[in-house]
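Student: I have a structure open and want to learn how to read it. Please take me through it feature by feature.

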Amino acid sequence: MKFGYTMLYVKDVPRTVAFYEDAFGLSRRFVHEAGMYAEMDTGETTLSFAANGLAKSNLPCGFQENHPFGPPAGFEVAFVTDDVQAAYDRALAAGAVAVSAPAAKPWGQIVAFVRDKDGIVVELCTPSTQS
């Protein structure tokens with residue numbers, strides 16, 4: 001088994017792609033012409049976005065939509081950077097919502113958290129010193 005990709009269900013795929021470009025400096029790899037699916041260039045593992053409508057058709061049992069004002073879902077997306085403060089400031093300037101400012105963790109990383117425009121938690125951290 002090999003981890004293939006992470007897909008986040010969002011309200012507006014093109015808006016989310018633009019936000020991740022502005023807030024985190026990612027580049028779009030692919031955006032479907034219908035605007036229901038997109039992939040970002042993030043290295044070996046793909047970060048993709050799909051419209052909530054696609055989730056509804058894929059998951060007949062239903063699902064909990066992400067929402068910027070409710071409690072966040074029980075997952076996060078993490079981006080590794082050498083300058084967490086600059087990444088945090090850039091994300092906030094692009095419209096991310098602050099969760100916690102950069103702080104040193106006991107295991108040696110600097111870590112900060114923001115929420116994107118759909119309320120998804122995004123961790124910004126320095127490389128792990130434990131691997």
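**Reading the features**

Tutor: Start with the rings: Phe-19, Tyr-20, Phe-24, Phe-49 and Phe-79 make up one aromatic cluster. Keep in mind that this model is predicted, so local features need pLDDT of at least 70, side-chain atom pairs count only at pLDDT 80 or more, and totals for chains, interfaces and linings use all residues. Residues are numbered from 1 along each chain as its sequence is written, and side-chain values use heavy atoms, with hydrogens and water left out.

Student: How many aromatic pairs does the structure hold?

Tutor: Rings of Phe, Tyr and Trp (its six-membered ring) pair if their centres lie within 6.5 Å; planes under 30 degrees apart count as stacked, over 60 as edge-to-face and the rest as tilted. Here there are eight such pairs. In one of them, Phe-19 and Phe-24 have ring centres 5.8 Å apart and planes at 90°, so they sit edge-to-face.

Student: Are Phe-19 and Phe-24 buried or exposed?

Tutor: Buried means under 20% relative accessible area, exposed over 50%, and partly exposed in between (1.4 Å probe, protein chains only). Both Phe-19 and Phe-24 are buried.

Student: How many salt bridges are there?

Tutor: Side chains of opposite charge can pair when their charged atoms come close. The rule asks for a side-chain nitrogen of Lys or Arg within 4 Å of a carboxyl oxygen of Asp or Glu. The count comes to four. One of them joins Asp-118 to Arg-15, with the closest N and O atoms 3.3 Å apart.

Student: Why does the pair of Asp-118 and Arg-15 tie together parts that are apart in sequence?

Tutor: Asp-118 lies in the loop between β7 (110-115) and β8, and Arg-15 in helix α1 (residues 13-24), so the pair ties together parts 103 residues apart in sequence. Helices (H or I, at least four residues) and strands (E, at least two) are DSSP runs, numbered from the N terminus. Asp-118 is buried, at 4% relative accessible area. Arg-15 is partly exposed, at 33%.

Student: In which sense do β5 and β8 pair?

Tutor: Two strands pair if DSSP finds at least two bridges between them. β5 and β8 pair in the parallel sense, over five bridges. Val-77 has Val-122 in β8 as its bridge partner.
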